[in-house]
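Hi,

Here is the structure I promised you. Please open it and read my notes beside it.

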Amino acid sequence: MDSLIPSLPYLGRGVLMTLYLSAASTALATFVGLVLAMIQLFAWRPVRWAAEILLYLLRGVPLLVLLFAMYYALPYSGFRIEPSTGGIMVIGVYFGAFMAEVFRAAALAVPRGQWEAGRAIGMRTPRIIVDVVLMQALRIAAPPYINTSIMVVKGTSLVAIIGLADVTFIGRQIVERTLAPFEVFGAVALVYLLICYGLSTLGRYAETKANYVH
Amino acid sequence: MSFDIGFALRSVSILSEGLTMTLALAVPAILFSAVWGVPLVVAIRSRRSGLVALTRTYIEIVRNTPVLVQMFFIYFGSGFMGYPISGFVAGLFALVLQNGAYVAEIYRAGIQSVTSRQTEAGLVLGFMPGEVFRIVVMPQALRAVIPPLSNQGVLIIKDTSLVATISVAELTFQARLLADRTAAVFEIFFALALFYIVLTTIFSLLMRLLEVRLRVSN
């Protein structure tokens, strides 16, 4: 155990990387999800079909395959971007497909009568969308949104496979040096547990708030 | 940057070698997860608070940690303990541990979706609690759990790709070998993605068939 203490600052850097990847990927996934949900709900029919097909394809492929594709194809594509940026882009777009479903389902869960009620009291369409539908949809979307965010945090561990120094990657390196897999991977798991458990506690809180609607 | 469709087609036949391994992992992983969810949901719903707390703790731990870290823990940990297990077994173990917990939650939600009035009606008619569960609650819960189980199965199929990192020669592993050797990366990963899309589509369709078969016409 004592031999592991010098490794702690090293692991700490991995934790920072994981936090950075998690936050940036979740933000991007939220943005992509919102855009895709909007397209699915409101866009011109052919665009909607295109989005539908894209979503289906994204959901059918493992995240690892997309990360590998990015990792191997990037040098050939002529773009010069940081590996961490590439990772965030892949993870963000991938989970954006899941977020889109969360937002779309939430928007559809707002009863049709709410639109009509808004119209009946003389509101214009953009105001109905923002003040009536969006406000209620956000509340409905909160618990599944948190669950998807937890998937994003866990998903960032895959960047370790393409050589980004997140907490999983550094954990593996420390294990190779110290031969203490239980302690080190236990600590790595604890890092994810703390982040995700924090998020799911937030999710449960959101759930009690969301129940107010029904 | 060119795309050689002929090479993509040829890589399909090479990747097929990995397909067997992916299926050999995905099928038992899905079945064992569905089975492992049963004792878990029984434990969560039991009256023994100690057992409930223990099961809850297990579920929270496995659901809030990445399956990749669990695989590393089991794979490297078993070797260190002196009982090395293969990457295949370690991967299967991690997949079942994690997805069984998700499945248990799906079962729990399915049982809860059957209103308590149904149970009361059964008890009033003179059935024993066990019979009420078997005859009234379970058939209805079963129908409710098929769509979320289908989603979970798709996630399991996709997560089998992770065992490539603990040297199991499945689809993704083969694709990586091929990519290292030939540098025709676009073709290879296109073919690889196609494999997973076809697999998950077939699985979803099968689950959809099951759902239609179980539906009651009213």
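Glu60(B) and Arg204(A) form a salt bridge through their side chains, at 3.9 Å from N to O. A salt bridge here is a side-chain nitrogen of Lys or Arg within 4 Å of a carboxyl oxygen of Asp or Glu. The rule finds one salt bridge across the interface of chain A and chain B.

This is a predicted model: local features need pLDDT of at least 70, side-chain atom pairs count only at pLDDT 80 or more, and totals for chains, interfaces and linings use all residues. Residues are numbered from 1 along each chain as its sequence is written, chains are lettered from A and ligands numbered from 1 in the order in which they are written, and side-chain values use heavy atoms, with hydrogens and water left out.

Now the rest of the interface. Contact (heavy atoms within 4.5 Å) takes in 36 residues from chain A and 37 residues from chain B. The two chains bury about 3400 Å² between them. That is the accessible area (1.4 Å probe) lost when the two parts are put together, summed over both. Carbon and sulfur atoms give 76% of it. Tyr72(A), Lys154(A) and Phe182(A) supply 19% of the area that chain A buries against chain B, more than any other three residues.

Last, how exposed is Ile202(B)? Ile202(B) sits in helix α8 of chain B; helices are DSSP runs (H or I, at least four residues), numbered from the N terminus. Ile202(B) counts as partly exposed because its relative accessibility is 45%, and that class lies between buried (under 20%) and exposed (over 50%), with a 1.4 Å probe and protein chains only.

Best wishes

Note on methods: Helices (H or I, at least four residues) and strands (E, at least two) are DSSP runs, numbered from the N terminus.
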